[in-house]
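This note sets out some points for a colleague who is new to the structure. Please read each point with the model in view.

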Amino acid sequence: MEITNCRWFGLANRYYNLYLSQRLACLGLNVGQHLIVLAVCREPGITQDRLPAQLGLNKSNVARGLATLEEKGFVERRINENDKRTAHIWPTEKGRETYPLIMDIVRDWDSNVIAIFSDEENAKLKRQLQQIAEAAMRFVKGNGD
């Protein structure tokens, strides 16, 4: 039986999500929500419409995540005065304070899991994973999704 690369990507991703679920719970966040907090803190005022493509999530998941994050006090939506259909998302103080804690969790994973590679191998792996992610995005978009 052939084992494909997809199996290894999927397995690593499942363990990463399990790790994140365990570590993010104390912050009151789940796996999808932490991505939104990171994106909003990195680009305060980002429009809600840009988040799905940037995060690789569908619009309904982003909308649901934003509603929960707003309810929990991590982000704030502000309607554009010039275009009432456009909402800009801003981190609250709680969101900004949570950002470095999330990054510590992500870095902890990287430092423990990626530690098996040399710096050179790690740099190469990052480039290759970026290429894979970009190819996956093109493939999915090319199939009408």
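1. Helices α1 and α5 pack at an angle of about 140 degrees, and 11 Å separates their axes. On the α1 side the contact is made by Ala12, Tyr15, Tyr16, Tyr19, Leu20, Arg23 and Leu24, and on the α5 side by Ile102, Ile105, Val106, Asp108 and Trp109; contact means heavy atoms within 4.5 Å. The crossing of α1 past α5 is right-handed. Axes are lines fitted to C-alpha atoms, for helices over the stretch in contact, with angles from 0 to 180 degrees between N-to-C directions. A crossing is left-handed if the near helix is turned anticlockwise from the far one by less than a right angle, and right-handed if clockwise.

2. The model is predicted: local features need pLDDT of at least 70 and side-chain atom pairs pLDDT 80 or more, whereas totals for chains, interfaces and linings use all residues. Residues are numbered from 1 along each chain as its sequence is written, and side-chain values use heavy atoms, with hydrogens and water left out.

3. Helix α5 (residues 93-113) also packs against helix α2 (residues 31-42), at an angle of about 115 degrees and with the axes 9 Å apart. This crossing is left-handed. From α2, His34, Val37, Leu38, Cys41 and Arg42 meet Gly95, Arg96, Tyr99, Ile102 and Met103 of α5.

4. The chain has 6 helices and 3 strands, in the order α-α-β-α-α-β-β-α-α along the sequence. Helices (H or I, at least four residues) and strands (E, at least two) are DSSP runs, numbered from the N terminus. The C-alpha trace spans about 55 × 40 × 30 Å along its principal axes.

5. Of the 145 residues, 28% count as buried. Buried means under 20% relative accessible area, exposed over 50%, and partly exposed in between (1.4 Å probe, protein chains only). Among contacts between residues at least 6 apart in sequence, 51% join residues at least 24 apart.

6. Is threonine 86 buried or exposed? Threonine 86 is buried, because its relative accessible area is 14%. This residue lies in the loop between β2 (75-79) and β3 (87-91). Leaving out residues up to four places away in sequence, threonine 86 touches Thr47, Arg78, Ile79 and Asn80.

7. Phenylalanine 9 is placed in helix α1 (residues 5-24). Phenylalanine 9 counts as partly exposed because its relative accessibility is 40%.
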